[in-house]
Amino acid sequence: MKLASLKQGRDGRLIVVSDDLSTYVEAGAVARTLQAALDDWSVIEPKLAALADDLATGAIAGQPLDAAALAAPLPRAYQWADGSAYVNHVELVRRARGAELPESFWHDPLVYQGGSDRFLGPYDAIPLADEGWGCDMEAEVVVVIDDVPQGVTPELARGFIRLIGLVNDVSLRNLIPGELAKGFGFYQSKPASALSPVFVTPDALGDRWRDGRLHGALNVDLNGQAFGRADSGVDMTFDFGTLIAHLAKTRSLGAGTIVGSGTVSNRDADGGPGRPVADGGMGYSCIAELRMVETIRDGAPVTPFLRHGDKVRIWMEDRSGASLFGAIDQRVEPI
């Protein structure tokens, strides 16, 4: 089942979307918003699934879906907790500045709590007031969870995952060092992120979803050119069950919490830091990682961060080449 939100008010209007993302039906008679559905998932989910079945069989006539009319599936969420499950990415960051990776990073996940009061729609512009801030995209996988009790195990935590999608976790790289130097975490360096057009239930993903990981190429294009084709199921040190259990160690988690994987990052086949797609590699899910590789190999980065007018596209396909979540398709614009 695929769910989305049309732009309306602060929280959107919930719709059920066909598997091929071409049509939709209104879900307002069942739940007005996606958050309302998540608040009572055990009761609401079967009713939404029935709508999805009726749409698939033609029992209900669907309306044509215009992706530009979509808000984020959850335009605002009670919590947005972003991890760094691909330790290869973290290792590259530290290598580029000559620092060793602490051993604890391999068994103790990194997580920060980002801004969840507003998520951008999949076709919304990336607003950038100052190109000097070093704007970057970060292609990631996200899951949306039900109420999770404190102290849950990683194995049981997987059972609380209700929906899966993608995010462009926008970062302002040149503001990050100053903020982290204060010892109090990100804030100004983490503006609003964009979510994929639809979120999908785990059962609808088939073998793409297994072991608490989403498998397959996470495609990233920059200005129409292939930038990243990393496999989100590979080199993921911490699966989503582990990330959720980490978050729930000292507190319970509320329904509608969004949990991010962190930047998807693969090692090269030879164990190296990765090569560009144009050179036969898997590429990168953010510009910073390419700049890290350039620094490691050549002594200095040469690829610029995003500038006004740049276009970013992020999507994932099933085995037949059909889009699973729709595409995050954004242009950087001045404000």
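A nonpolar core is a set of buried Ala, Val, Leu, Ile, Met, Phe, Trp, Tyr and Cys residues joined through side-chain atoms within 4.5 Å. Buried here means under 20% relative accessible area, exposed means over 50%, and partly exposed lies in between, using a 1.4 Å probe and protein chains only. Before we use these terms, note that this is a predicted model, in which local features need pLDDT of at least 70 and side-chain atom pairs count only at pLDDT 80 or more, while totals for chains, interfaces and linings use all residues. Residues are numbered from 1 along each chain as its sequence is written, and side-chain values use heavy atoms, with hydrogens and water left out.

Let's start inside. The largest nonpolar core has 71 residues. Val 143, Ile 164, Leu 166, Leu 214, Phe 240, Ile 244 and Phe 325 are those with the most contacts inside it. Another core lies apart from it, with 29 residues, among them Met 1, Leu 14, Val 16 and Ala 27. In soluble globular proteins, nonpolar side chains tend to be buried together.

Next come the strands. Helices (H or I, at least four residues) and strands (E, at least two) are DSSP runs numbered from the N terminus, and two strands pair if DSSP finds at least two bridges between them. Strand β16 (residues 217-222) pairs with β19 in the antiparallel sense over five bridges, with Val 220 opposite Ile 314. Strand β19 (residues 311-316) is in turn joined to β20 by four bridges, again antiparallel. Across that pairing, Ile 314 stands opposite Ile 328 and Arg 313 stands opposite Asp 329. Strand β20 (residues 328-334) also pairs with β7 (residues 126-128), here in the parallel sense over three bridges, and Pro 127 stands opposite Glu 333.

Now for some loops. Leu 21 sits between β2 (13-17) and β3, and its phi is near 65°, a positive value in a residue other than glycine. Leu 21 counts as buried at 17% relative accessibility. Asn 223, in the loop between β16 and β17 (225-231), has a positive phi of about 55°, but counts as partly exposed at 38% relative accessibility. Most residues other than glycine have a negative phi.

Thr 33 lies in the loop between β3 (23-26) and α1 (34-39). Thr 33 is buried, with a relative accessible area of 7%, and touches Asp 11, Gly 12 and Leu 14, leaving aside residues up to four places away in sequence. Leu 110, between α3 (87-96) and β6 (111-114), is partly exposed, at 34%. The C-alpha atoms of Leu 110 and Phe 238 are separated by 9.9 Å, although these residues are 128 residues apart along the chain.

Conventions. Contact means heavy atoms within 4.5 Å.
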